[in-house]
Structure formats: C-alpha cells, structure tokens
Amino acid sequence: MSRFLNERLSALEAYVPGEQPGDKKYIKLNTNESPYPPPQSVINAVGEKELAELRLYSDPECRVLRTALAEAYGVRRENVFLSNGSDEILNFAFMAYGGRGAVFPDITYGFYSVFAQLYGIQAETVPLKSDFTLDAGAFCGRNSLVVIANPNAPTGLTLSLVEIEKIVSSNPDGIVLIDEAYIDFGAESAYRLIGKYDNLLVVQTFSKSRSLAGARLGFAFADGRIINDLEKIKYSTNPYNINRLTQLAGVAALKEAEYFNKNCKKIAETRGYVKKELEKMNFSVTDSKANFLFAKCPVIGGRELYLRLKERGILIRHFEKERISDYSRITVGSRDEMEEFLRAVREIIGGRV
Ligand code: PMP
C-alpha cells in the first residue's frame, strides 16, 4: 500500500474472488460458472467482423441489448439497467442508497460487506437461523438499504415471493435489493413486482445460467426513477461499461432461451443427484436451489476437504468464516465432473466413515 492511499481505503478489506490457479488444469467447482459453453450463435455473434470494429466505442445506451432484454422479460425499457457484471449494480446500489445504513444476513455474498466498508456505510448483519434459513420478519420495517440474495449464497436457500413482497412492502422508505444471481436454477424472481413497488431493485446476471461469466454482463429491473439513478452513476464513472462484444453476446444469448433452460434443468438434475450421493456419505447438505451445493462433511473439516480435493485437481470453495468454516460450496459442474468429484470425496473420506 502506498502512503498516498486515503485513510478509509487503507482499512478496506477487499473482496477475495475464488482462486483461478494457472499451474495445471483443474476441475473448477469453485466460482459457480456454468459447465456448459455459450451456444454457437453467441460465439458467431462476436466473430471477426465485430473484432475489427473494436476501434469504436460501445453504445453507452446499449440500445439493442436493452430492448432485447425488455422484450424477453416483458417489461418496459425504462425499467431495465445493464452493467459490467451484476457486481457493478451492487456497487452502484451501495453507493447510491446506503446513506441510512444497510442490512443483510450474516452469511451471504461476501461483497456486500466490502461495498458497505468502501462507502463508509453502517452495516447491520442479521444472523440466519441455525439451519441457515432466513427470518423474513427481521428484514421488515428497516427503511434502510436491505440486501438479500435469493437464492442466498453460499447456502443456496430461497425465500418465497410472498416473503420477499412482505419485506419490500414493509420498507417503503428504503431500497430493497434482491440479488438474483442464481434465480434461474429454481427460485421465483421478484421482477414481476417492480410495477407495484418503487423501492424494489432486482438484480440478475448472464454469468451463471447463461454461461457468460467472462463477458461480464449484469442487469437490473426497477422503477424508472431507480434506473435513472443507476444511469447517473454509470455516466459519472464509466459510460462505456459494457463493451461491444459483450453487448452482441448478450443479444444473441437472449435468443437462446431453450438452450439455457435445458442447461438449467440439467444442472438442477445433477445437483439433486450429487446431493443424494453426498447424503449417502452422511454429509449435511442444504436444499440448494442454486448451481452449487453447500455441504458439511461428517468426518473432516472444510479446510481439509478443500485441500485434499485440490491435491487431486478439484477446486471447491472453502470459507474461513465462523459458522460455515466446516461447510464447502461446491459448484454443480457437468455430470462427468461431478462423478470425478464424488469419486475423490469417497477416496478422501473412505477410511474415516
Ligand atoms: N451476486 C451473487 C450472490 C454472486 O454469487 C455473484 C457471483 N460472484 C454475483 C452477484 C456477481 O456476479 P457477476 O458480477 O458475475 O454478475
């Protein structure tokens, strides 16, 4: 750290993304990417002709993509915002709406507390229950920035739309941000409520269900006035936040609903299979509706399991955090990848059960 960094930032603990080691080829079950490639039409959309156009800036209004997204979800263009990954929207939301503090669960996406620190926001964390479910009542009547991932990460557990609406309607003077990064794998989106509430911000991403993590494309649905706030921040920081290739990839991806629905279904099936297999080995496994499992091994700690799998070329996510340090977050990969994972787990714990 240089001596020039301002004081608030010197104390900041940055978010630590899942590791991406380059020493050898791993089975990557640690960053919740899709095991399936983007469809051929997306690959074609960013072909040579478009690469040659890279001398030009991208469309800051993302007109084509925004219209395509609005049509795909049956909402109006003025209710749609696009971003460089959904992390960017989370960043903007904390920047814009954290003035009266923020509240989120104690166990959730690690970036929320980083953003709160970054902007000097008073953050309150509400403990999840012992089974990691969330008490919706604890998020009612807050009237500050309420942030809930649905499904939650890393537990994969969901809230019903009824519970979400209860939270939104009871916080009329605060923004309720529902982070739906994993929504397509089995939970119900709150985006249909945006016409009803002016304080609801629903955030989604192309990174997971649409196999485009590397393209960095996120989006949000909200009342037009919230979208204008987010646009204002975007035009005050990085107007060309979504590059030309990503805009094209996004438009092409939106035409492939069938391909992506099929992939989500396969991932949900594989998730169910792996959960059962882990339970046969006496793991405790949450009822995840995301593209990952959250599981605790009966005989070895979370850190050890992570290290032993890494030795065997398999990466999972371990969190060095109270309450969950013995749990592992395991991305649901392809069926073959998961068979290898299960084989390795059986070997590792074989002698101990
Ligand atoms: N929200 C949650 C809960 C996540 O796990 C992630 C992925 N790390 C994101 C948002 C951000 O995803 P992206 O920026 O790739 O859209």
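**Note on the predicted model**

1. With a relative accessibility of 18%, D106 counts as buried (buried is under 20% relative accessible area, exposed over 50%, and partly exposed in between, with a 1.4 Å probe and protein chains only). D106 belongs to the loop between β3 (102-105) and α6 (111-118); helices (H or I, at least four residues) and strands (E, at least two) are DSSP runs, numbered from the N terminus. The side chain of D106 makes a polar contact of 2.8 Å with the side chain of R323. Such a contact is a pair of N or O atoms within 3.5 Å; within protein, one must be able to donate a hydrogen and the other to accept it, and residues adjacent in sequence count only if both atoms are side-chain atoms.

2. The model is predicted: local features need pLDDT of at least 70, side-chain atom pairs count only at pLDDT 80 or more, and totals for chains, interfaces and linings use all residues. Residues are numbered from 1 along each chain as its sequence is written, and side-chain values use heavy atoms, with hydrogens and water left out.

3. The shell around the ligand consists of G85, S86, D87, Y109, A153, D179, A181, Y182, T205, S207, K208 and R216, where a residue is near a molecule if one of its heavy atoms lies within 4 Å of it. By class, the shell has four nonpolar, four polar and four charged residues (Ala, Val, Leu, Ile, Met, Phe, Trp, Tyr, Cys and Pro are nonpolar, Asp, Glu, Lys and Arg charged, and the others, Gly among them, polar).

4. Polar side-chain atoms reach the ligand at several points. For Y182, a polar side-chain atom is 2.6 Å from a ligand oxygen. The side chain of T205 has an N or O atom 2.6 Å from an oxygen of the ligand, and an N or O atom in the side chain of S207 is likewise 2.6 Å from a ligand oxygen. The protein buries 91% of the 410 Å² that the ligand exposes when taken alone; areas follow the Shrake-Rupley method with a 1.4 Å probe.

5. The shell residue R216 has a phi near 60°, positive although the residue is not glycine. R216 is placed in the loop between β7 (200-205) and β8 (218-222), and at 31% relative accessibility it is partly exposed. C62 is another non-glycine residue with positive phi, near 45°. C62 lies in the loop between α3 and α4 (63-73) and, at 2% relative accessibility, is buried.

6. The loop between β5 (145-149) and α7 (161-169) holds T155, P151 and P154. The peptide bond between N150 and P151 is cis, with omega about -5°. A cis bond also runs from A153 to P154, with omega near 5°; A153 is one of the residues around the ligand. T155 has a relative accessible area of 0% and is therefore buried. A polar atom of the T155 side chain lies 3.2 Å from the backbone nitrogen of L157.

7. E48 is in helix α3 (residues 48-51) and counts as exposed, at 71% relative accessibility. From E48 to P35 the C-alpha to C-alpha distance is 25 Å, with a separation of 13 residues in sequence.
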